[in-house]
Amino acid sequence: MKKAPLSRRAFLRSAAATAVFSIVPRHVLGGPGYTPPSERLTKAIIGVGGMGLEHLGLGDSKLLAVCDVDETHLKRAVERGGPDVKGYRDFREVLARPDIDIVHIPTPPHWHALISIAAAEAGKDVWCEKPMARTIGESRRVREVMQRHGRIFRLNTWFRFQSDLYGIGKPVQPIKKAVMNGLLGWPLKVTVGAHQGFDWKLGMWQGRPHLAPEPVPDRLDYDLWLGPAPFKPYNAHRTHGTFRGYWDYDGGGLGDMGMHYLDPVQYLLDKDDTSPVEMEADSPLQHPDAALPWRRVRMKYADGCEIILDGDNTLNQAPFIEGPEGWISKGFASSIADLEQKLRELPDPPPQQTDFEDSVRRRKTFALNESNGHRSCSLVNLAICAVRLGRPLRYDPVAERFVNDEAANRLIDQPMRAPWRI
Amino acid sequence: MKPRFILVHTAVIVGMLLRAGPVPAGQPDVNAAIEKMPAANAVDAQAVFESILQGGAPAISAVCDQVRAPGDGDDHKARYLLGGLAFHVARSGATAGREEFSKALLAAIQKAGDAGIKSFHMGLLRWCGGAECLAPLSALLGDPDLTEPATQALLAIRAPGTAEVLLAALKKAEGGPAITLVKALGELREARAIPLVAPYATHADAEVRHVALQALADMIPARRQRTGTGSPRELLRAACRTDEPLERVLATSLLLHHARRLAEAGAKAEGAALCREVLAQAAAESPEHLAPAALHALAGMAGDQALPDLIAAVEHPNRPISVAAMRTLISMNRPKARAELDRILTRGPDHLRLALLATLDDSTGAAHFNAIAANLGHENPEVRAAAIRAMTHPRGLPALLAYLKSENAQQLPDIQKAILTIAGPDEMSAIAAALAGAPAPARTLLLDLLGQRRATGSFNAVFDLTADTDAAVRLAALKALGGVATPDQLPKMTRLLLKTTESSEQTALQRSVIHVSKTMPDAERRADALLAVLPSASPEATEAIVGSLSELGGPAALRAVTEAGAGEQENVRNAALKSLADWPDDSAAEAMLQASVRATDLTQKVLLLRGYVRVIRAGALPAEEKLARYRAALPVAPRPEDKAMILGALVDIKTMDALRLLGGHLGDPALREQIAPLAVIVACADGEYKGLTDPAARPILSAVLEIVKDDNVRARVTAQLAKIE
């Protein structure tokens, strides 16, 4: 292969450059922990509404561009970003910039897969908000493209590697340790609801079954906001802050909290490369447009492990995780005597790669990536399918198709509105 | 509910009823069915669905008729019902009902005048439509307002003949609808559309060009039409030569996509040739980031024949390309690929070894175990550290332990992390055995591991090292005893404690003794081991022991601390009083109060009082008893803030007696500002607590009202006063 002349970015990423830096200590270059400006990664944020503003402070990379289809959001983000930050309305213009290394995607979820894929094809690494995608087909495609293009991808949920796991009051690692060393036995049942310390926020993120059309505000490019979603007349409730309540853009409380809650469960159950085979929901009839509260979702893996989502908060006796040998629940209460002492004697879970910028520099897969992220996002989308269809479903986790249910399979792959396509 | 909404809502319902008219005999009451929406559960919903389906097309149409144009009233219940029906009829084995429902939707689409209503019904056909939809939906493709929803429904249904109707529509379409159709034909990989799509590949609008190129990338014509002007390959190649950077990147990506489609169609050699074309282009100029995708595709198409390309790419100075080549070699899992990876690990330059070790760490290094282990002896510490991280699987333990024994063993934190990931109870004997002959830093690490893992079978090995000649090893051994010892080994440890004179070692061993003592099931006996050696302990050791007895508790320990607190030796006395102030339960309350009375040092007096209040509050005494204890402590409090601290505990006791005690201090200028809010908490309602309504509370609350200034607090007091007769 002919060797190419190195651009700035290529130089920064080159193995040869790394070898040089490994010989010259970083503190010699610029003091302890100092990142010389020329070595600093750069980023753009696409979607700078509520959550997008949070992304201004995420990571150590230098912000160069922000993008939004709402002028108000864009103006605010440019002001907060500082003098080096340029604003864009169309994300494709951002992807065209060769000086941007990482693209953050805190848009509504109906854009996640499309922009992630376009970013990967444009040679960017991706920090994407949860949920990874709005359908199983979309997140599967993101996984394919990321791996094919050798891009680094992370999802913006983190409970599999840091922070206390909501009501459990401890990080997930001690529970993982108990599970992987067989203290709870097998198979396991995990219950996720308010009594275990996980609030599904179903009331907060419900859509309105009847929306009267409203004039589109001048500041908003509604057509670009909708993007691949089917056209529906504008109503403010469809968009900023409340979009989660509509199936076309997200999945209600499941969309908001699902990956936060279920990705650690998938990690605990060691199911990063598979999905449940059965799922069933107990729910009032769902509206075709608006996502509404549900009572219960049960998902079962081929080996008998189960995940129960308690939407109406009635499972007040169920532990968070239980097996034939014991259970662990809210506040790390457990049926196992001296659990913490026992855990000390057992091997730790394998270490995880939790520094995204280091992942980008060293091209090392991030802890929550396109592969396990696709599977945990599938948990969310399988639950959504069960809630929407209102009947028991069977799923083939290898083919990633529902068994003998055409309507369910049509929820996996949904056509996008032209010109958008993945 | 707003009157205007009620009016509109009522008008809509009345209108619906008038339109519906009387229910014909044998027909379901559609309006009643709609009013049951949303059904509370699946059983109720299915009952409604079945009733509608039993009514056949007339009943379904009657529901469809109640869907309103956007902005023309509230039809959400009808939409609930139709949405539910669309999924219900599409369940397995419901063919007849599905087709009838689908046809009724098609009739409703034809009947409706509004595009919004038509779009809604077409949206439902996405879930339940079948071949019967093909002709009716194709008739809508020419309507610019309906091309998109009709195409989406057709794409979701994918009935035989879909490509033909889209092709026919594209021949007549222009503008936005044409783009929709081009995109759809691409998704269907319809090669017959190539001549129709090709002109859009050079359209003036970049977005249109991209849609066309995306579609062409999916279309594989017959062999003789695969090259030459107008072929997808040539159109994509032409697009790759544009000066516009993003468009060039995306077009190149699409050329690769086309290569994959060629391979899927059986033309693997053609696909591989295109991959190499992109690879060469990516290596020579931008977009170099597409090289990983080209390598990935090439490996899938060419197998072993792609090895030279991959091996060359491993050496590429661009790290993403190099790492992608490594990943592809790993995923190929072929003997030649494995041999090449082993060659890099054993003979490659440092930067390639580092990258590969990190990549193997991501996946599994088991297939390359020996080659990875060889890097433990590498001269570059970064390579050694990467090798250690790649060895975190059970086979790695012997190699890591052997490496620890070598004189140049470094990266101890990395080794420790790796071993903690591998080692459980079954591996502890191997770790203890490795102590012998290991250099001092390695022994320190191993001792720490044994302690962390509570390797009780290693007590003797660890205890022996408490006499090691190396101070760091001795200290590590003393610390590790806290993990590896059991209560029956406490006497041996406490005898050692009496002999230990070096301060840090004494502290470490004492901590270990306490740690092991705490594992004793009988809480009252936990201090026995330390108390047993107290009479023969030096003054320094006595000070340390009595200072730590509060961590263990129990009556014997309390007696020892109380006595020491009244002793002659100042250091021991101070340590004992501090220990007393930290006592874990209210068994020490009286001793604390008496010691506080006797204490002449203000700090000691206050600490003991705080300890007293802490244990009383946390204890299980009845409320009136607690109140009496607090009352007894008040005269001992040396300063107003100490009195306030004691009175602060009264917020747990919401009784008139507590309020009276607080009220008694409202006149004290030094305390009134602090006491008034406490009285509010005790006396005023909050949540489920109803507050005190005894008339005796009135003057106290009135006095509180004179003191508090916050409006919200004053409102609470006033509200409570209103409840008092």
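**Salt bridges and burial**

Guide: Let's begin with A:R97: this residue is buried, at a relative accessible area of 16%. Keep in mind that the model is predicted.

Visitor: What makes A:R97 buried?

Guide: Buried means under 20% relative accessible area. A:R97 has 16%, so it is called buried.

Visitor: Why is the contact between A:R97 and A:D99 called a salt bridge?

Guide: The cut-off is a Lys or Arg side-chain nitrogen within 4 Å of an Asp or Glu carboxyl oxygen. Here the N to O distance is 2.9 Å, so the pair qualifies.

Visitor: What makes A:E280 and A:R298 a salt bridge?

Guide: Their side chains meet at 3.9 Å, N to O, which is within 4 Å, so the label holds. A:E280 sits in strand β8 and A:R298 in strand β9 of chain A, so the pair ties together parts 18 residues apart in sequence.

Visitor: How do you know that A:R298 is partly exposed?

Guide: It comes out at 24% relative accessibility, between 20% and 50%, so partly exposed it is.

Visitor: Why do B:D414 and B:R389 form a salt bridge by this definition?

Guide: The closest N and O atoms are 3.6 Å apart, and that is within 4 Å, so they pass. B:D414 lies in helix α25 and B:R389 in helix α23 of chain B, 25 residues apart.

Conventions. Residues are numbered from 1 along each chain as its sequence is written. Chains are lettered from A and ligands numbered from 1 in the order in which they are written. This is a predicted model: local features need pLDDT of at least 70, side-chain atom pairs count only at pLDDT 80 or more; totals for chains, interfaces and linings use all residues. Side-chain values use heavy atoms; hydrogens and water are left out. Buried means under 20% relative accessible area, exposed over 50%, partly exposed in between (1.4 Å probe, protein chains only). Helices (H or I, at least four residues) and strands (E, at least two) are DSSP runs, numbered from the N terminus.
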